[in-house]
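Open the structure in your viewer and keep the selection tool at hand. The stops below say what to select next and what is there.

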Amino acid sequence: MSQFVKKDDDRDEEAEYSPFLGIEKGAVLQEARVFNDPQLDSRKCSQVITKLLYLLNQGETFTKVEATEVFFSVTKLFQSKDIGLRRMVYLIIKELSPSSDEVIIVTSSLMKDMNSKTDVYRANAIRVLCRITDGTLLTQIERYLKQAIVDKNPVVASAALVSGIHLLQTNPEIVKRWSNEVQEAVQSRAALVQFHALALLHQIRQNDRLAVSKLVTSLTRGTVRSPLAQCLLIRYTSQVIRESSMNNQSGDRPFYDYLEGCLRHKAEMVIFEAARAITELNGVTSRELTPAITVLQLFLSSSKPVLRFAAVRTLNKVAMTHPMAVTNCNIDMESLISDQNRSIATLAITTLLKTGNESGVDRLMKQITNFMSDIADEFKIVVVDAIRSLCLKFPLKYRSLMNFLSNILREEGGFEYKKSIVDSIVILIRDIPDAKESGLLHLCEFIEDCEFTYLSTQILHFLGVEGPKTSDPSKYIRYIYNRVILENATVRASAVSTLAKFGAVVDSLKPRVFVLLRRCLYDNDDEVRDRATLYLNTLGGDGSVVETDKDVKNFLFGSLETPLVNLETSLKNYEPTEEPFDISSVPKEVKSQPLTEKKSAGKKPTALGAPPAAPTSTVDAYEKLLSSIPEFSTFGQLFKSSPPVELTEAETEYAVNVVKHIFDKHVVFQYNCTNTIPEQLLEN
């Protein structure tokens with residue numbers, strides 16, 4: 001963590017010396033007047049444009065008037081012959097995105113540059129024109145763009161092709177007319193031109209499956225030289241294989257030989273792309289996987305971190321479906337556990353946990369123990385999940401794996417990390433009967449020093465369900481009662497409930513539980529005292545007549561079928577009489593809650609976004625309002641809405657209150673703003 005803090009400190013120091021620190025839009029707009037000077041200073045103009053670009057990229061917005069003034073000033077810079085300044089002019093025009101009536105001002109200058117003898121001008125002019133032009137102007141320059149696609153200069157050709165990819169989103173009909181020129185560019189010897197041409201050609205044909213299949217068929221015969229274009233072709237080939245396998249029941253895979261051939265390519269990116277494509281084929285067999293796994297295994301020992309990461313990440317995915325196919329790589333992956341890149345090391349460990357055999361579990365655990373202290377919590381969670389899966393795969397190894405989880409549970413870590421360990425131990429206890437007693441003891445030892453209230457209450461709840469079923473339930477009582485003495489009120493209340501569950505199930509422990517519950521009657525927290533009183537009464541510890549064992553267990557272990565809202569309402573309406581409160585009289589259906597609004601002396605306008613004020617109960621008003629908003633529509637049924645809480649003083653010019661809406665897993669805050677002065681209007 002200290003490393004990250006240091007990086008942040010370094011970044012802050014760098015920011016102090018940034019030439020753009022503290023620049024203001026107004027001051028930069030004043031500086032932009034240099035664009036109008038009779039004698040242009042190219043260096044000064046470039047610096048001002050750089051500041052304008054910085055402001056735009058930082059999210060600063062220019063008004064229509066400001067943007068127009070800057071745009072018209074920038075157009076005057078076309079008279080400069082400075083190449084560096086001209087490139088800055090292209091950039092600022094693209095970023096300002098002038099309106100259609102302003103574009104015409106620079107069109108002639110850009111078209112002149114597009115036919116210039118300077119290739120840098122031509123390429124940049126094409127990019128800018130295609131960015132700011134509309135359909136009408138595009139038809140006028142279409143002829144020049146077609147020529148540019150097949151231009152001998154690769155920079156110009158790539159600029160035209162990339163512009164075509166962008167224009168395909170807005171003017172597809174025009175771009176589709178360039179197919180012949182784009183096909184010619186696919187045969188280019190320039191790597192980037194071939195890459196961009198193939199990308200554009202595929203986008204033009206992507207809705208025609210037969211055309212895509214023909215394109216792949218023609219190009220897989222060896223006419224693609226660019227490694228980047230080869231990677232694209234592999235992806236398109238995989239797409240064709242997927243689509244053909246849906247319609248082809250014979251089991252034959254067209255183009256598989258091409259993918260396998262790419263594994264012997266000179267470029268590493270092509271080899272990896274082909275290997276990944278093979279591993280992701282639907283229903284891939286072990287025979288088909290073997291050549292891909294072999295090249296990925298070679299990448300594991302590469303000196304390049306990016307190749308090691310790519311290989312181990314792909315093998316990690318393969319291990320989920322074909323663990324046996326990856327076992328040959330285990331020795332190479334074990335060496336990656338000590339890799340300096342923690343992401344690579346984590347992936348290596350989780351892959352080994354998926355592919356390792358039962359005899360190697362103990363050795364693997366020793367290696368992981370040293371590794372865990374060096375990685376962040378998010379990586380630790382991944383490792384914990386993998387260990388849980390390994391334990392379920394080899395249940396006889398539960399002792400060493402459970403001990404490992406118990407040890408890391410007592411080490412430093414955040415809530416999510418500790419929760420993942422506790423959840424894993426709980427799952428192992430439920431799924432591996434032999435692990436129950438040792439697992440429960442590990443959890444009991446953990447809550448002795450647990451700093452998270454939520455985890456303590458969850459463990460106590462689980463202990464109350466599973467603990468009484470063990471061979472010696474009495475050994476857990478000490479841990480539970482320690483929580484009653486040493487913990488906060490929430491955990492103490494949960495511990496009281498757990499004690500009661502032991503007393504209800506284990507008859508031999510009932511006298512001891514009664515003694516402990518009576519001590520809880522003197523607790524300084526109402527909740528703890530009330531629970532102790534309730535459970536003593538339920539179990540007969542206060543000498544009263546109790547219900548049958550079945551009723552007691554249903555009360556302690558069963559779920560509450562009565563909605564809490566209805567129970568609260570019924571208890572408020574209950575008047576003490578000789579008749580005890582009958583929970584069965586509480587209705588099971590949830591009724592809509594009336595909205596209670598604070599009464600005000602004067603008549604106020606309706607709050608912004610609030611339901612219309614009405615003297616009636618306004619049934620379901622909040623629920624209808626919230627469900628009509630797309631962002632909240634998936635939150636489920638509204639549990640309760642709080643009364644409005646005033647956030648401003650009564651004398652202010654506007655009143656603001658907040659209503660809290662409680663859902664199952666979300667809380668929505670609704671802020672209602674109300675004008676109190678008729679002459680004023682609140683906006684935004």
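**Stop 1: the cores**

Begin with Phe35, Ile93 and Leu353, the residues with the most contacts inside the largest nonpolar core, which has 188 residues. The model on screen is a predicted one.

Stay on Leu353 and show its neighbours. Leaving aside residues up to four places away in sequence, Leu353 touches Leu364, Met365, Ile368, Val383, Ala386, Ile387 and Leu390. Another core, of seven residues, lies apart from the largest one; select Tyr622, Leu626, Leu638 and Val668, which are among its members. In soluble globular proteins, nonpolar side chains tend to be buried together.

**Stop 2: the whole chain**

Now select everything and colour by secondary structure: the chain has 34 helices and four strands. Of its 684 residues, 44% count as buried. The chain exposes about 38,200 Å², and 52% of that comes from carbon and sulfur atoms. Take the contacts between residues at least 6 apart in sequence: 60% of them join residues at least 24 apart.

**Stop 3**

Switch to a surface view and select Leu564, Phe639, Val645, Leu647, Ile662, Val667, Phe669 and Tyr671. Together these residues make a nonpolar surface patch of about 750 Å². Which strand gives the most to the nonpolar patch? Select residues 667-675: this is strand 4, which contributes three residues.

End on Val667, which lies in strand 4.

Note on methods
Residues numbered from 1 in each chain as written. Predicted model: local features only at pLDDT ≥ 70, side-chain atom pairs only at ≥ 80, totals over all residues. Heavy atoms only, no water. Patch = residues over 30% accessible without salt bridge, like charges linked within 9 Å, V, L, I, M, F, W, Y side chains within 5 Å. Areas by Shrake-Rupley, 256 points an atom, 1.4 Å probe, with all protein chains shown as cover. Salt bridge = Lys/Arg side-chain N within 4 Å of Asp/Glu carboxyl O. Helix = DSSP H or I, 4+ residues; strand = E, 2+ residues; numbered from the N terminus. Buried < 20%, exposed > 50% of the residue type's maximum accessible area, 1.4 Å probe, protein only. Contact = heavy atoms within 4.5 Å. Core = buried A, V, L, I, M, F, W, Y, C linked by side-chain atoms within 4.5 Å.
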